[in-house]
Amino acid sequence: MAQCTAPVQGHRTASGRANCPACGGRSYGYYSNYNTYTPNYSYPSSGGGRSSTGGSSRTSRPRWSPSSSTATYSPSEVRALTPVREAIEAQGALPDRYDLFLCHAWDDRRGTAKELHDALEEIGVTVWFSEKNVVLGTPLMREIDRGLAKSRAGLVLVTPAFVKRLKAAGVADKELSALLARDLLVPVVHEITYEELRDESPLLASRSGLDTAEDTMEQIALKISELVSTDAFDTNA
């Protein structure tokens, strides 16, 4: 019995099929369409959950965020903020303390840091901010020490100027060391990426938080407000 040559020589052309001792001029579906067949495979997108327009295609609401809130969270933000929220809940209500200690670069004190501070205070978050709370003539480091002790959590505004200050091992570096030790820290990156931050502070870069490339300062302030709010303790805790 004649053997088909398709497994070895293929039937890619009409002459190939005609010369096959088994198939002659016959046409078989797969082989006759071999030259034009295009597989229709579907592959998962590699966008990490983001749509082609750049926005997040997935949102997740953390349990401490009110159902009426306009804030939208990515799943990664919820994962990053949950340990901080749990630590704040464990403290209970502390009316004699600031909600947050704002750690920032000296260079940002009248720019981005003030913008973040003002956005937070406008919606009711109490913030220890050196530009406001350190009185002229008082020992800076002692006042910072008191501010850290009086704050329930820490907020670190990470900018290119902040990274430069870390390299110089200045005041910002000391504040960051104290906040990292407490494990109550939310980074807010501005005009810098976590990848760039990792080169200087892997510990801080590992604490993923919020990013002004994804949200406006007002939106970030709203998320932080919900994170530190004690109003939700009775209903959501």
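Predicted model: local features only at pLDDT ≥ 70, side-chain atom pairs only at ≥ 80, totals over all residues.
Residues are numbered from 1 along each chain as its sequence is written, and side-chain values use heavy atoms, without hydrogens or water. Local features need pLDDT of at least 70 and side-chain atom pairs count only at pLDDT 80 or more, whereas totals for chains, interfaces and linings use all residues.

Helices (H or I, at least four residues) and strands (E, at least two) are DSSP runs numbered from the N terminus. Arg-61 is located in the loop between helix 3 (29-32) and helix 4 (75-91). With a relative accessible area of 38%, Arg-61 is partly exposed (buried is under 20%, exposed over 50%, partly exposed in between; 1.4 Å probe, protein chains only). The side chain of Arg-61 makes a polar contact of 2.7 Å with that of Ser-65, and also reaches the backbone oxygen of Ser-69 at 3.3 Å. A polar contact is a pair of N or O atoms within 3.5 Å; within protein, one must be able to donate a hydrogen and the other to accept it, and residues adjacent in sequence count only if both atoms are side-chain atoms.

Asp-99 lies in strand 1 (residues 98-103) and is buried, at 13% relative accessible area. Beyond four places in sequence, the contacts of Asp-99 (heavy atoms within 4.5 Å) include Gly-124, Thr-126 and Arg-152.

In helix 9, Ala-172, Glu-175, Leu-176, Leu-179 and Leu-180 are buried. They cover an arc of only 135 degrees around the axis, so they lie on the same side of helix 9; the arc is taken from the directions from the helix axis to the C-beta atoms. Among the elements packed against these buried residues are strand 1 and helix 7 (140-149). Asp-183, with a positive phi near 60 degrees, follows helix 9.
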